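Let's take a walk through a protein model together, one piece at a time.

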Amino acid sequence: MDHRKRFTLKRTTALIAGMTLAASAMAQAGKPLTLMVPYPAGGVSDVIARIVSPVLAKHLERNVIVENLGGAGGAIAAQRVLNLPADGNIIYQGSPNELILTPMAVAAVKHKSEDFRPVQSITLNEMIVFARKDLPVGNGDELAAYAAKMAKEGRPLTYASVGPGSLYHVLGEQMSKVLNVPMTHVPYKGGAPATQDLMGGLVDIFITPYGKSYVELVNSGKIKAVAALSAERQASFKSVPTLNESKALKGFTFDTWQTYFVRKDTPEPVVQALHKALSEVANDAGVRTTLEAQGMIVPKPLALDKVTKSYSDEIAQYRAIAKSINLQAQ
């Protein structure tokens, strides 16, 4: 094949690829896109979705509907996405909770981490150990001492999570293991009901990412911020020490993330179109400012292959953590 023919073939291939992508985008036009949030309204995940959805709608030139479907540590919403066609009309806003840890911890959950393909990340979320307002602790060492005291009295410290196998469940189990004291897991369908019970004094602590509403709850004295899981003190809670500053829980540093996913068999042109739109959303100054005002970190958008690699690395990391605490499917 001579140079001219090779050049023509390359141009034709590129033209066909471009037409395919355009045709795919046109096929989606007019249909609403569902942004699936695997928790009830009012939690951190829901806040992110409500901020992102109108801007995503603008970039896709189609309506975006936020659907909240809690339960089973996010698995009910995940399965709903898998049961629908892989046509790009529904995307899943997920984290390590639902797509990596829940399948390892809940025997009834049949989906696998690899059933989903990441499209773009939107936030990194720092975490805090929040507590009922009258819990008599103010840092990591006091928390460790109180947990040991309560365990000795036969009343183990209770910790909330958004479901068995969720990151917050795993972190509670890991904390219990590090401290070598029993703690009692109390699962909820989402962050909002867990926080309600924390305010009501029905559960002792809740390790979770947070938004502006949690800052306001702490400032109003309705709950307490005991310690941060970040390596350094956080901008929203500058006076709150980190667990890393304590002796008992030094090195106990974790964060989490929110990423958008589709079924793994979604056509490549559709994935590319969604990746482009979500990257534009992540770069939107208004979105970044609003999310950052909520205490969240908005990283720079990644190329699609780097998003995929990052997800693969996270799967390996959390599977190792789950193995270290002997997380069993129940």
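At what angle do helix 4 and helix 11 pack? The angle between helix 4 (residues 96-105) and helix 11 (residues 304-324) is about 40°, and their axes are 10 Å apart. Axes here are lines fitted to C-alpha atoms, for helices over the stretch in contact, and angles run from 0 to 180 degrees between N-to-C directions. Helices (H or I, at least four residues) and strands (E, at least two) are DSSP runs, numbered from the N terminus.

Before going further, some housekeeping. This is a predicted model, in which local features need pLDDT of at least 70 and side-chain atom pairs count only at pLDDT 80 or more, while totals for chains, interfaces and linings use all residues. Residues are numbered from 1 along each chain as its sequence is written, and side-chain values use heavy atoms, with hydrogens and water left out.

Back to our pair. Helix 4 and helix 11 are therefore oblique to each other. Angles under 35 degrees count as roughly parallel, over 145 as roughly antiparallel, 65 to 115 as roughly perpendicular and the rest as oblique. The crossing of helix 4 and helix 11 is right-handed; a crossing gets that name if the near helix is turned clockwise from the far one by less than a right angle, and left-handed if anticlockwise. Who does the touching? On the helix 4 side you'll find Pro96, Leu99, Ile100, Leu101 and Met104, and they meet Tyr311, Glu314, Ile315, Tyr318, Arg319 and Ala322 in helix 11. Contact means heavy atoms within 4.5 Å. Sorted by class, this contact of helix 4 with helix 11 has nine nonpolar, no polar and two charged residues. For the sorting, Ala, Val, Leu, Ile, Met, Phe, Trp, Tyr, Cys and Pro count as nonpolar, Asp, Glu, Lys and Arg as charged, and the others, Gly among them, as polar.

Val52, Val55, Leu56, His59 and Leu60 in helix 2 meet Ala273, Leu274, Ala277, Leu278, Glu280 and Val281 in helix 9. By class, the contact of helix 2 with helix 9 has nine nonpolar, one polar and one charged residues.

Take a look at helix 9 (residues 268-283) itself. Its 16 residues reach 22 Å from the first C-alpha to the last, close to the 22 Å expected at 1.5 Å a residue. Which residues of helix 9 are buried? They include Leu274, Ala277, Leu278 and Val281, which are also among the residues that meet helix 2. Buried means under 20% relative accessible area, exposed over 50%, and partly exposed in between (1.4 Å probe, protein chains only).

The other partner is helix 10 (residues 285-293), which packs with helix 2 at an angle of about 175°, the axes being 10 Å apart. That makes helix 2 roughly antiparallel to helix 10. Ile48, Ile51 and Val55 of helix 2 make this contact with Val287, Thr290 and Leu291 of helix 10. Here the classes come out as five nonpolar, one polar and no charged.

Serine 45 also sits in helix 2. With 9% relative accessibility, serine 45 counts as buried. Not counting residues up to four places away in sequence, serine 45 touches Val37, Tyr39, Gln93 and Gln258.

Finally, let's visit some loops. Glutamate 61 counts as exposed at 68% relative accessibility, and asparagine 180 counts as exposed at 67%.

Is threonine 242 buried or exposed? Threonine 242 lies in the loop between strand 8 (223-228) and strand 9 (255-263), yet at 2% relative accessibility it counts as buried. Leaving aside its neighbours within four places in sequence, threonine 242 is in contact with Ala227, Ala228, Ser230, Ala231, Glu232 and Arg233.

Note on methods
The expected span of a helix is 1.5 Å times one less than its number of residues.
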